[in-house]
Amino acid sequence: MKKILITGGAGFIGSHVVRLFVNKYPDYQIFNLDKLTYAGNLANLTDVESKRNYRFIKGDIVEGEFILKLFDEHQFDGVIHLAAESHVDRSISSPMEFIFTNIVGTVNLLNAAKAIWKDNTGNKLFYHVSTDEVYGSLGDEGFFTETTAYDPHSPYSASKASSDHLVRAYHDTFGLPVVISNCSNNYGGYQFPEKLIPLFIHNIKNNKPLPVYGKGENVRDWLYVEDHAHAIDVIFHQGRKGETYNIGGNNEWKNIDLIKVLCKVMDNKLGRESGTSEKLITFVKDRAGHDLRYAIDSTKLQKELGWKPSLQFEEGIEKTVDWYLNNQEWLDNVTSGDYQKYYEKQYKER
Ligand code: NAD
Ligand code: DAU
């Protein structure tokens, strides 16, 4: 039985990856290591928690000794590393947590893999999940490829860029078998409502303002989260060691256009008169250092490993809206406690 460690498995993307691996590979033992920060939630995994091949471990990747002991105890065959501080706005207001988790935490995992696997790395793999934000910002034209020079702007993207470099350094210097993927913006169920799409669904539902940063002209390339999880599966099993793969939806939207589509879908689902939700749009102070445009060229992944996105955006956004409307209890839980305080402060500052 293969033992796979998935870090950050109680988060948004991690929970989709855990679900896919637990269900698709009954002969793998899946260990989900997660600190359960505000973004981690075991309610994301109730459907797999009692499966024989799934085990949750609560722990912090910043604690190096704990991580080393864990690797020693379980002798993992593979690691899929998703644990991170992931929200750009939080990295602007308090960067240190991003340095600890995203950089120090990643190095702790690399050190543990290097120490425990030693030279016996034939079937082992350290898979580092990263972001397209490491490449910086595009103008109106062009795409990020795997050879685009790194140029991160936010503390979040700089911390992810740093972790990517360290993963490559452990490959080049110590021969650690690694693979990296850099993905565009994900959307779908179980995303904490601080990110654009779930936040705006939540606000529309509650007739609250929709804070659009700047003029809403920034462009993102959106990918349905289950398509990202499938790409991770394909890369984990077939990706070439030492390589990087870009993952994207080939689905660029200006924020304001996407928000208008979302408003329309919400009006429709909530039985509101057309145009009602759009009235909630409020232009606010721009995000500092706001990258103008991200766009991914995923030709390498598509040609080499045969992956492609399965969902059209229109279908994905409908499914996503339905998910949040049908999971009100989940939304109520994650928006209780400190959530209101955090948002009131965020909104005041803009
Ligand atoms: P998320 O914030 O939803 O989840 C992160 C998870 O990591 C949470 O469960 C949290 O509890 C856990 N975690 C945080 N600090 C930890 C620590 N010190 N020790 C152990 N666990 C810790 O994030 P997400 O959006 O699911 O992103 C997952 C990964 O994918 C991240 O590495 C992110 O950089 C990358 N990524 C995200 C996107 C996106 O659009 N969300 C796109 C590309 C890449
Ligand atoms: O590109 C991949 C990245 O996508 C991931 O690495 C990050 O973890 C993930 O958070 C996401 O980063 P973004 O900053 O692009 O996502 P966010 O949902 O925060 O914002 C999307 C766009 O919407 C961005 O241009 C900022 C804008 N925005 C966001 C929020 C939260 C608003 O206009 N208003 C908002 O309230």
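**View 1. Helix H8 against strands S9 and S11.** Helix H8 (residues 255–270) lies across S9 and S11 and runs at about 90° to S11. Contact here means heavy atoms within 4.5 Å; angles run from 0 to 180 degrees between N-to-C directions, with axes fitted to C-alpha atoms. Helices (H or I, at least four residues) and strands (E, at least two) are DSSP runs, numbered from the N terminus. This is a predicted model, in which local features need pLDDT of at least 70 and side-chain atom pairs count only at pLDDT 80 or more. Residues are numbered from 1 along each chain as its sequence is written.

**View 2. The open sheet S7-S9-S11.** Three strands form this open sheet, with mixed pairing; two strands pair if DSSP finds at least two bridges between them. Strand S7 (185–187) and strand S11 (252–254) are the edge strands, each pairing on one side only. Strand S9 (residues 219–224) pairs with S11 in the antiparallel sense over three bridges, and the bridge partner of Val219 in S11 is Lys254.

**View 3. Strand S2 and its neighbour S1.** Strand S1 (residues 2–7) runs parallel to S2 and is joined to S2 by six bridges. Leu5 has Phe31 of S2 as its bridge partner.

**View 4. The packing of helices H4 and H5.** Helix H4 (residues 96–117) packs against helix H5 (residues 155–174) at an angle of about 15°, with their axes 8 Å apart. H4 is therefore roughly parallel to H5 (angles under 35 degrees).

Methods:
Chains are lettered from A and ligands numbered from 1 in the order in which they are written. Side-chain values use heavy atoms; hydrogens and water are left out. Angles under 35 degrees count as roughly parallel, over 145 as roughly antiparallel, 65 to 115 as roughly perpendicular and the rest as oblique.
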